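Please read it alongside the sequence and the coordinates.

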Amino acid sequence: MRRGERRAHGGNVGKAALEEQPAPPPPPAQPNGGAPGAERDGAGPRRSTESEVYDDGTNTFFWRAHTLTVLFILTCALGYVTLLEETPQDTAYNTKRGIVASILVFLCFGVTQAKDGPFSRPHPAYWRFWLCVSVVYELFLIFILFQTVQDGRQFMKYIDPHLGVPLPERDYGGNCLIYDPGNGTDPFHNIWDKLDGFVPAHFFGWYLKTLMIRDWWMCMIISVMFEFLEYSLEHQLPNFSECWWDHWIMDVILCNGLGIYCGMKTLSWLSLKTYKWQGLWNIPTYKGKMKRIVFQFTPYSWVKFEWKPASSLRRWLAVCGIIFVFLLAELNTFYLKFVLWMPPEHYLVLLRLVFFVNVGGVAMREIYDFMDDPKFHKKLGQQAWLVAAITATEFLIVVKYDPYTLTLSLPFYITQCWILGIILVLTWTAWRFFIRDITLRYKEIRRQKQEHRYEKDKCLSNGDGHSALLDEPNGSKLRERKL
């Protein structure tokens, strides 16, 4: 059971011990409200943004630990390979097979023994699996980082023989006329040419990113900022060159905007949903059982993210860091394909996106918990740490494998725009967290001095010498405190 979770009302130790467990609600039950005295295992009151959960605590075979079973099956499989299977005389094949077997053994260990994260649905083992995949992927990136450029690119041939060949980047710019009167067959051919598989990918990608970030403003800032990055870096990667309407109409408004809108609607439904769980065999109807099976793939409980970037300098810097890492991970997708010679439609590119979809949500929840409750979450979560390390390692691979492309100077007008933007952000930061606070503090001290002087004059005018004498040491103390 996670430390920050509550026990179910009347529940036994079982499945709920692996999940986020609610505090015993006082009668009458409040599906979305919290008990006034509900606490998180002694760690303080439940956050106001956290939903109330009811669980009967049913323990089934699905939720029990199976460490011995997994160990027995793993040992039998290794024994079969060792005693009954003849080892081929192919060194390359045996090397690949040994590496895959080592990874599988590590995944079996991690799925059964690794520490649980903040999510428990559909099963905690699912999220432990992706945590171990994160470790394997980071180790793979470290290995690639320590190779020469030629060896690293040729190593990709061991994964797919079709890799290791330089591929031209597709240029999305060119003719940007929405209506092309010169084409009598189809004047709108430019629009149809841009409607490829990346259109639904943009929509579903931003739908899932919205579920991770859970904030409309942050999603829109990241979406718009990435389009500015594409404008700024199109001299480095040709496929960043797109038509203006492709940037702002198809990407920002239609694909990204629609994905963010649908994501926010889903977040609204999840925040209002009643989280009441029963064991499958405790539900009498088949319809109820089927509904319970489907809901197994929805969150166990819900926490509404309130980032509040302007509330403190720490949160402001943290939100800026989150946006920066998001944008860097997005850029890594394109630059890794460029430096490792992988076509955009290759299955490794898709697997990387699937990987980030599964680990990104956990990382964002751990980052939010670390920001929102630092007294309880004293260190950054394990998945968030790995995601940050993976993003940094990917960028280092890009820097090492093609420094020439990265050092191509920005056009002068692009540089001016970025300098202006950075100056505006730094100016706002200085005003909001330094100048404004000093000004407010000065005004408060001035107001207190005026009130004290007014009370002193009022006492003197009423002939109350005793009160005036009492004010004398108070004024001296105020002056001493000011000095």
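Lysine 304 lies in the loop between α9 (286-295) and α10, where helices (H or I, at least four residues) and strands (E, at least two) are DSSP runs numbered from the N terminus. With a relative accessible area of 47%, lysine 304 is partly exposed; buried means under 20% relative accessible area, exposed over 50%, and partly exposed in between, with a 1.4 Å probe and protein chains only. Not counting residues up to four places away in sequence, lysine 304 touches Thr49 and Tyr368, contact being defined as heavy atoms within 4.5 Å. Lysine 304 and leucine 267, which are 37 residues apart in sequence, are 8.4 Å apart in space, C-alpha to C-alpha.

The model is predicted, so that local features need pLDDT of at least 70 and side-chain atom pairs count only at pLDDT 80 or more, while totals for chains, interfaces and linings use all residues. Residues are numbered from 1 along each chain as its sequence is written, and side-chain values use heavy atoms, with hydrogens and water left out.

The protein chain as a whole has 15 helices and two strands. Of its 483 residues, buried residues make up 40%. Among the contacts between residues at least 6 apart in sequence, 70% join residues at least 24 apart.

Two packed helices are described by the angle between their axes and the distance between the axes. Here the axes are lines fitted to C-alpha atoms, for helices over the stretch in contact, and angles run from 0 to 180 degrees between N-to-C directions. Helix α1 (residues 67-83) and helix α2 (residues 91-113) have axes that come within 10 Å and cross at roughly 165 degrees. That angle makes α1 roughly antiparallel to α2, given that angles under 35 degrees count as roughly parallel, over 145 as roughly antiparallel, 65 to 115 as roughly perpendicular and the rest as oblique. The crossing of α1 and α2 is left-handed, a term used if the near helix is turned anticlockwise from the far one by less than a right angle, whereas clockwise gives a right-handed crossing. On the α1 side Thr67, Val70, Leu74 and Val81 take part, and they meet Arg97, Val105, Cys108, Thr112 and Gln113 in α2. By class, this contact of α1 with α2 has five nonpolar, three polar and one charged residues, where Ala, Val, Leu, Ile, Met, Phe, Trp, Tyr, Cys and Pro count as nonpolar, Asp, Glu, Lys and Arg as charged, and the others, Gly among them, as polar.

Helix α2 also packs against helix α3 (residues 124-145), at an angle of about 140 degrees and with the axes 8 Å apart. The two helices α2 and α3 are therefore oblique to each other, and α2 passes α3 in a right-handed crossing. The contact draws on Ile103, Phe106, Leu107, Gly110, Val111 and Thr112 of α2, together with Ala125, Arg128, Phe129, Cys132, Val133, Val135 and Val136 of α3. Its residues divide into ten nonpolar, two polar and one charged.

What is the count of disulfides in the whole structure? A search finds zero disulfides, a disulfide being a pair of cysteine sulfur atoms within 2.5 Å. For cysteine 132, the nearest cysteine sulfur is that of cysteine 108, 9.6 Å away.

Two residues other than glycine have a positive phi. Arginine 214, with phi near 60 degrees, is found in the loop between α6 (198-213) and α7 (216-233). Tryptophan 341, also with phi near 60 degrees, lies in the loop between α10 (313-340) and α11 (347-372).

Threonine 405 belongs to helix α13 (residues 403-406). Leaving aside neighbours within four places in sequence, threonine 405 is in contact with Gln236 and Phe338.

The accessibilities of several residues are set out below.

| Residue | Relative accessible area | Class |
|---|---|---|
| Cysteine 132 | 4% | buried |
| Threonine 405 | 7% | buried |
| Arginine 214 | 11% | buried |
| Tryptophan 341 | 18% | buried |
| Cysteine 320 | 29% | partly exposed |
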